Every structure is written in C-alpha cells, then in structure tokens.
Amino acid sequence: MKALSVRQPWAWLIINGYKDIENRDWPTKLRGRIWIHTGIHRVTKSEYQRFLKDCRAFGIAEYPEIDEFKTGGIVGSVEIVDCVMKSDSYWFEGTFGFVLRNPRTARFRPMDGKRGFFEV
C-alpha cells in the first residue's frame, strides 16, 4: 500500500477525522486507501499554536500536548477520493487538495519516509 508523509499535528487531525483535505503543490490520480506517515520533525511552538486555533474552531476538546505527537512512522490510514484545485473545506489552502475520507488510526510503526507517495 502507498504512504504519504504529513507533518504533525496535521497528520493527527487527518487520522482523527477532522482534516478532510491534504494540500500539495502537485496533483495525483491515485485513489483509494493510503497510509499516513509522519515526518521526523517535532511540532514547533508556532505550529502548535495554529493547531490549538484549529481545535477551537472545530470544538475539539481532547488533543495531544506538543510533545505527545508520534513522529517518524505510520500513524493511520485514509482514503483519497479526489484531487481538486478548489474547495470550500476549511483546510484547503494549496494549489491542489487531496480529498480525504474514512480515516483509521493504526498502531504506530516507526519507519523512514520519502517525498511524494512511497510503497510500504
């Protein structure tokens, strides 16, 4: 199955069903279930502040502390159902948006990531 690396805390938002689109500078024709892999970079204070703002906007009351995000491995999976250039989604801010559905959490599996889609 293919995987895509996504920085935390956005990977957490995806696999927990809050973030329904992943922004990229490139399109994809890939459809179906993929693994969500988290990069090795820890969440910065500014990223965490943005995350908290997003949590408030969505009424998310329970979420990880800044040092509790899993990084450098597989954290779950999601289905890509479309790739769009426009969207009304709160999360859309890129050139292309991969529309996501049916997220599933998974037991953390450490592994190196790659750019773009990669095989797991």
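In strand β3, the residue that bridges to Ser 5 is His 37. Two strands are said to pair if DSSP finds at least two bridges between them.

A word on the model itself. It is a predicted one, so local features are taken only at pLDDT of at least 70 and side-chain atom pairs only at pLDDT 80 or more, while totals for chains, interfaces and linings use all residues. Residues are numbered from 1 along each chain as its sequence is written, and side-chain values rest on heavy atoms, with hydrogens and water left out.

Back to β1, which has another partner in strand β6 (residues 117–119). Buried stands for under 20% relative accessible area, exposed for over 50%, and partly exposed for anything in between, using a 1.4 Å probe and protein chains only. In the loop between β1 and α1 (10–15) sits Pro 9. The peptide bond that joins Gln 8 to Pro 9 is cis, with omega at about 10 degrees.

Strand β2 takes in residues 21–24. Ile 21 and Asn 23 point one way from the strand, Glu 22 and Arg 24 point the other way, and all are buried. β2 is joined to β5 by four bridges, and the two run antiparallel. Within that pairing, Ile 21 has Val 99 of β5 as its bridge partner.

β5 itself extends over residues 96–110 and contains Asn 102. Asn 102 has a phi near 50 degrees, a positive value in a residue other than glycine. Because its relative accessibility is 45%, Asn 102 counts as partly exposed. Thr 44 is also partly exposed, because its relative accessibility is 34%. Thr 44 lies in the loop between β3 and α2 (45–58). Its C-alpha atom is 7.9 Å from that of Ile 66, a residue 22 positions away along the chain.

Now for the whole protein. There are two helices and six strands, and from the N terminus the order is β-α-β-β-α-β-β-β. Of the 120 residues, 44% count as buried. Contacts here mean heavy atoms within 4.5 Å; among those between residues at least 6 apart in sequence, 78% join residues at least 24 apart.

The C-alpha trace spans about 35 × 35 × 25 Å along its principal axes. A compact globule of 120 residues would have a radius of gyration near 14 Å, so the protein's 13 Å agrees with that. That radius is taken over C-alpha atoms, and the globule rule is 2.2 Å times the number of residues to the power 0.38.

The accessible surface comes to about 7100 Å², with 49% of it belonging to carbon and sulfur atoms; the areas come from the Shrake-Rupley method with a 1.4 Å probe, and for residues only the protein chains shown count as cover.
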